Amino acid sequence: MNKWSHFLDANIIIRGLTPFEESKEYYDYIHISGTTKTTSSRVFNEAIGYFNFTRRAMLRFIEHAYINSARFRPSIWEQSLLIEANKLFEDDRDLKAIRLLLQFRNQEMYDVVFGDVSKKEGLQNDVFTIVSRALSQLAVVCANTPEAKIKRFDKCPKNYDGTELEPVYRKVNAITGYEKDSLILMDACHLKQLMNNQNKKKNELLFVTNDNEHILSNRTELEKILENILIRSFDQIRSG
Amino acid sequence: MSRAAASQDNLLRDLIILISEADIKNRKDKAKLCETQIHKLLWDLKQRIDNNAIKNALNFYWYRQGPYSPSISAILEKAKEEKIFSITKINEHDFYTLQGKPTYDKTNPELSQAKKVITQILEDTDMYDLPKLVRKIYYHFAPFKFQPTYKFEFLDLLNEYVELVFDRTSNTEYKQNILQKLITALSKAEANLPNKKSFSKFNDLFSQFVGDIQVITDLYKDNEQEFIFTIKNEANHIWDVFAQGVRIEAHDAFYDNLVPQWQENFNEFLNGLEISLNAFSELVSRKSKEYVNKPIESLDSKSLEFLNAICKGYVQ
């Protein structure tokens, strides 16, 4: 690995899966730029979990809309569906997925509500295929081999309790207040430590994330604790 | 055993005798009933009869093979010892046929009422087709639509597909058709997962499994043999775990006192499933290093735009 390896958070990897319009810069960064990019299996699983969750929310909602179609009137079907979604789901992530479904598959959702079972199955297959491609793309881009665009490191501990990094983990977690992000930051720290041991020198790692809530807003404090790890947003990386 | 419990057991024993007697009357020397059949017929009796004493003697919960009652299994065990039935073994399963003329109180008005309903049930049921009876019960009465979809659409097709994968003479087009149906059944099962908090961990694990199957069928098509038995084992494992959870949600009040124990069992089974499915996911993700240079089949621009919006929607 060269001096400035990049450790990517899930929000960067997911964003770089499609070369579409404003995501193209992320896509190019992952697929074309020569920087060495790594991540951990924890980040990879987080990304997979997002797609699995989104697929399930959409499939369930399509099913629900079809089964309850008798309740909807053509003139206000979309508002009624949103009301239904609020009743069906408590998690904001589900509602976000449903709003995307209504935005990007509006006519198809109308057909599900006022059409036959083939329309429902057609849209479910469509959602299933789209998520399949995302998961396949993710598996190819982010694999446990140096040949991959993002080399996935699979051997991070499940948690850092009882490891020599536990004191660092405690401090990081006190700052972020969010265990999931703390563990990901610690994966970067663990990886850097392994690189140091291998190369017998101090390596530096750029942690790339767009997470403002727990990570970027606490950047200065976190960088003090995570020696030789610099935390940067994608925009900062892009502007050099 | 209390007098009330003994009396309920006697009633249950008499109902089983009545069913067996009615079966002999209808099918003569072909009459024989397996335990699952007796369970399902008695369950049907409970749904149809308008008699509280009979209903109260029949207590069920939903489990691996649909409505199940440990009391019925216990009575059958006892009846074996008392040689009330002759037993025929077919494919490791016991089939029961009434022997002689066991006594029951023919003046009991409850049993007379039950006898009439049982006669009707047997008239309505194809006694030579147990799977049809089980399917009917699942599709009409299962507490969650996930159950018939997963059991009769996904698991059945999966068994067929596993055979096709290793059958070199199988028609490629037919195999592809079954795979497409299998994927449709899987997505339908996921769409019908229980919308209950108590199943949220199960639902997450199920979706993890679906995601792994998607990668295998989409990306590792040429290597499906490597995964197919694990998929089959995990798919059956999932059904077993679901059975631990479904009885908590769907049982007669008679079993209320068992719910805390069932909840513990369900949690243990969920932990076991988590370990096992995580190992499967690792297996799937480790394989991807062989595919890093494989181009992914592209989506049309409308779908790509939708996927892009999904990707942009991720906020940690």
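**View 1. A:W77, a buried residue in a predicted model.** With a relative accessibility of 8%, A:W77 counts as buried (buried is under 20% relative accessible area, exposed is over 50%, and partly exposed is in between, using a 1.4 Å probe and protein chains only).

Residues are numbered from 1 along each chain as its sequence is written, chains are lettered from A and ligands numbered from 1 in the order in which they are written, and side-chain values use heavy atoms, leaving out hydrogens and water.

**View 2. Aromatic pairs, starting with A:W77 and A:Y110.** Searching the whole structure turns up 43 aromatic pairs over all chains (rings of Phe, Tyr and Trp, taking its six-membered ring, pair if their centres lie within 6.5 Å; planes under 30 degrees apart are stacked, over 60 edge-to-face, the rest tilted). A:W77 sits in helix α4 (residues 77–88) and A:Y110 in helix α6 (residues 106–114) of chain A, so the pair ties together parts 33 residues apart in sequence (helices are DSSP runs of H or I, at least four residues, numbered from the N terminus).

**View 3. An arginine over a ring: A:R93 and A:F53.** Here A:R93 lies over the face of A:F53, 3.9 Å from the ring centre (CZ of Arg, or NZ of Lys, must be within 6 Å of the ring centre and within 35 degrees of the ring normal).

Technical notes. This is a predicted model: local features need pLDDT of at least 70, side-chain atom pairs count only at pLDDT 80 or more; totals for chains, interfaces and linings use all residues. Helices (H or I, at least four residues) and strands (E, at least two) are DSSP runs, numbered from the N terminus.
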